[in-house]
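Please keep the sequence and the structure in view while reading.

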Amino acid sequence: MHTLGEIAKLVNAELVGDGELKITSLASIDCAKSDQLSYVVSEKYREQLSSTQASAVIISKSLQKFCNTNALIVDDVYLAFAQITHLFKHKVTHTNGIHASANTNNATVAPNCCIGKQVSIGTDTTIGANTVIEDNTTIGANCTIGSNISILQGTIIGNNVVVESGAVIGSEGFGNARDKYKRWHSIAHLGNVVIGDDVNIGANTAIDRGTLENTYINRGVRLDNLVHIAHNVTIGEDTAIAACTGIAGSTRIGKRCMIGGMVGVVGHLNICDDVVVNAKSTVDKNITISGVYTGIMPLMPHKKWQIVGVWLTKLDKITQYLNIKLTHLKGK
Amino acid sequence: MHTLGEIAKLVNAELVGDGELKITSLASIDCAKSDQLSYVVSEKYREQLSSTQASAVIISKSLQKFCNTNALIVDDVYLAFAQITHLFKHKVTHTNGIHASANTNNATVAPNCCIGKQVSIGTDTTIGANTVIEDNTTIGANCTIGSNISILQGTIIGNNVVVESGAVIGSEGFGNARDKYKRWHSIAHLGNVVIGDDVNIGANTAIDRGTLENTYINRGVRLDNLVHIAHNVTIGEDTAIAACTGIAGSTRIGKRCMIGGMVGVVGHLNICDDVVVNAKSTVDKNITISGVYTGIMPLMPHKKWQIVGVWLTKLDKITQYLNIKLTHLKGK
Amino acid sequence: MHTLGEIAKLVNAELVGDGELKITSLASIDCAKSDQLSYVVSEKYREQLSSTQASAVIISKSLQKFCNTNALIVDDVYLAFAQITHLFKHKVTHTNGIHASANTNNATVAPNCCIGKQVSIGTDTTIGANTVIEDNTTIGANCTIGSNISILQGTIIGNNVVVESGAVIGSEGFGNARDKYKRWHSIAHLGNVVIGDDVNIGANTAIDRGTLENTYINRGVRLDNLVHIAHNVTIGEDTAIAACTGIAGSTRIGKRCMIGGMVGVVGHLNICDDVVVNAKSTVDKNITISGVYTGIMPLMPHKKWQIVGVWLTKLDKITQYLNIKLTHLKGK
């Protein structure tokens, strides 16, 4: 808990309002409630700004006129937000063995595990050797957690979940603010990872925690080995994602999707239910219609590729040479 | 060991034959021997079904007429198979330090390692700190196993093998059966990983165990970092696979191949000996002739890409507009 | 330390010069100094060979005439070099807990960590549970090192560095020499990993040590999860690399670059400062002009892809059919 005045000082903000106000946590402008601090980076969100329940907001001078609550006025809102997140990061403690406050029921906990404060583990769950489970994590019943796994603070895992060895759950998201010197400032990710029942997570897969809200891996999801799930992603129920695939930040994937191996899905996309994406595809736009999608280059002998590749990079010139306009291709 | 009757009850199968029959293990229809249970999912395998040595098979009603042995009749054969695999999964135990039944010869075992039951480690082998080696694993002589590695039950590793830190060997394969509600049911993978002599395995690489038979990494193979090898894959002798590449299930790669970085090879393919696949390629068909192959898009400035990309997606219309038929291109 | 005579014997080399000469280490032909052994694989480097400061060089007969120092004459220079590297590899020791010779200042070291000989850890640094830090590693002040991490011998890490769980730093590079039987012989990588201040490294990311010189991750760099950094790579200050990307050996990436997720950068390239590479691109040539680059295939419905894909592989024939020459496209 910090006062708005303390926070203003940290980021050299102009304080407009009550410096004694106690800020309990941070939240996005839509979700923010009383005693929370939020932020708005552009005029696009002027209406959410005007109607927010947040007790205070970080904004630029130009947005002040849309603000009806306490404000921290700064030049670079996103940078100030990044710096402030670190004030609210829960400090990890380190436990040797199982902390006295942890409730492991009848779970089997293998040697060299570290089980932190207030951890709860359900009945008949097994935790493999050398696995680390940080403070305030909840794991359901009948789960099989492998060895050399790190499950970081505040993670919530349902029942009948299988996590293969080497997985990392709850790592920091790849969120950074860039200052005027083009240097990066990390955002402390304050959300958690929430995993539903009957989920399987593959070996050496990494799932990042959310920035302010959570990352969700919903019931019945299957994640293969070496999969990357970024911050604030939601994976819908019964969706399967094959090995080496990466889902970038804040993307939402629907239910019953099948995403092939080594697929890259860029950030902030929405993929609807029942979509199949073939292996190695790049998903660079929303998918709103169920079906099978592909974005790859066919395999061919290298000698042939050397010829084809040249023409590929000249396609625009070829069509120009042929005086083909897009309109010519209408309805073709 | 379970009786056929118990198994039938588990999956609500119609039992045709001897319910008292003792089933020792599962096997594919080709490899199955007496006292083993197998399964056939389609009429394509009717001949193997008729001639199988298996003491019993899981089949659908429609295949019963081709069956000359005990049968479990179910609606969804693959789903029933998936559920039955869990009956035969060897339960992992957890050992603190080195189990009394393990034979580590003069191997150097670093602190915080867990070495399970009946593990055998050859002379002059080194096991790094915090590495977990599960029950019934065999590791040869003169191996260098790094730290924070998980080598899971039943793995067989030859001599002079190097495994870099963070690798996982013997994780469950990504095999799941989908029920009529489109929910996934895991297959318990009962095969092992078998690694030949003189193999090197990179950091944070993951190798899945086989479903019923084994996954094979043959003599002299080189695997770089963050490589994914799926269940039932075979990598031929002296083949090198660069970082971030993924080989999907049941694919067989020949000898002396060189697979570049971030290549994706889809499942159930055969790649012949002495094939070179350039970095980032997608291999989506069998390769039967040695040579160099590529399947990628050339790099270009984004502005150029925006123009070229449009035409790429219109290639079919361009050729239609030009009234070019594939036949026109014969012999060109 | 080995005499040149001992080394000659190891690789069956013809020794030209002083067999009693003491060789302290290996170095590349440009960097080599007195008491060091170097190697030259082709006539391309004849001038560096003639002017090298190395006390001895590994060369083929054909290069002897350009050599003004002690020489080991072999048929396969690169193979001989690979075999010799193992003579100079520092043997790792294993420590239970914190070695007496380590200086951990007031750092917090969690349970089950192994901190090797002569390790130095700066003030206010935190080391997570089950993390292994090998001999002669230096970690600066105010760093946050996660759990289940392996930081291998001789690594140098600056101040304010964050390493997420499961990362491996200092693994062997993927350098192998192939003999006449097409078998691989590993090169023992003798360089280290040097990480500057204010660097963040993601979960399950792997960074290989250099072959003879070091791998450099410079100040302010951000690496996401599951990133692969190969041997001898240099990542320039304030460059950010998103998840699942791989940078192949000896490539140099400039300052303030932004490399998207699942990008593959091939080896021995130079990428200049302030380059943006879009997600999933393949970088297969040097980039000498700052800007935004892309090399991917647009996503499309699979049915459309099946049509477009056919034409893609016939582009050369289409242009031939149309009798379009590259010259026709000049200036288009």
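In which sense do strand β36 of chain A and β37(C) pair? Strand β36 (residues 291-294) of chain A and β37(C) pair in the antiparallel sense over two bridges; strands are DSSP runs (E) of at least two residues, and helices are runs (H or I) of at least four residues, numbered from the N terminus. Two strands count as paired if DSSP finds at least two bridges between them.

The model is predicted, and local features need pLDDT of at least 70, side-chain atom pairs count only at pLDDT 80 or more, while totals for chains, interfaces and linings use all residues. Residues are numbered from 1 along each chain as its sequence is written, chains are lettered from A and ligands numbered from 1 in the order in which they are written, and side-chain values use heavy atoms, with hydrogens and water left out.

**Arrangement of the chains**

- Chain C is superposed on chain A by a rotation of 120° with 0.0 Å of shift along its axis, at an RMSD of 0.0 Å; the two copies are thus related as by a three-fold rotation axis.
- For chain B on chain A, the rotation is 120° with 0.0 Å of shift along its axis, and the RMSD is 0.1 Å.
- These superpositions are by least squares on the C-alpha atoms of residues with pLDDT of at least 70 in both copies.

**Interface of chain B and chain A**

- Chain B contributes 67 residues to the contact and chain A contributes 58 residues, where contact means heavy atoms within 4.5 Å.
- About 5,000 Å² is buried between chain B and chain A, 64% of it on carbon and sulfur atoms; buried area is the accessible area (1.4 Å probe) that two parts lose on being put together, summed over both.
- The interface of chain B and chain A holds two salt bridges, each a side-chain nitrogen of Lys or Arg within 4 Å of a carboxyl oxygen of Asp or Glu.
- K182(B) forms a salt bridge with D274(A), with the closest N and O atoms 4.0 Å apart.
- Among the elements that give two or more residues to the side of chain B that touches chain A are β36 (291-294) and α4 (302-312) of chain B.
- The largest share of that side, six residues, comes from α4(B).
- Strand β37 (residues 300-301) of chain A is joined to β36(B) by two bridges, and the two run antiparallel.
- P301(A) has Y293(B) as its bridge partner in β36(B).

**Interface of chain C and chain A**

- Here 58 residues of chain C are in contact with 67 residues of chain A.
- The area buried between chain C and chain A is about 5,000 Å², with 64% from carbon and sulfur atoms.
- Two salt bridges are found across the interface of chain C and chain A.
- A salt bridge links the side chains of K182(A) and D274(C) (4.0 Å, N to O).
- α4(C) gives the most to the side of chain C that touches chain A, with four residues.
- The bridge partner of Y293(A) in β37(C) is P301(C).

**Sheet within chain B**

- Nine strands of chain B form an open sheet with parallel pairing, in the order β9-β12-β15-β18-β23-β26-β29-β32-β35.
- The edge strands are β9 (114-115) and β35 of chain B, each of which pairs on one side only.
- Strand β12 (residues 132-133) and strand β15 (residues 150-151) of chain B pair over two bridges in the parallel sense, and V132(B) stands opposite S150(B) in β15(B).
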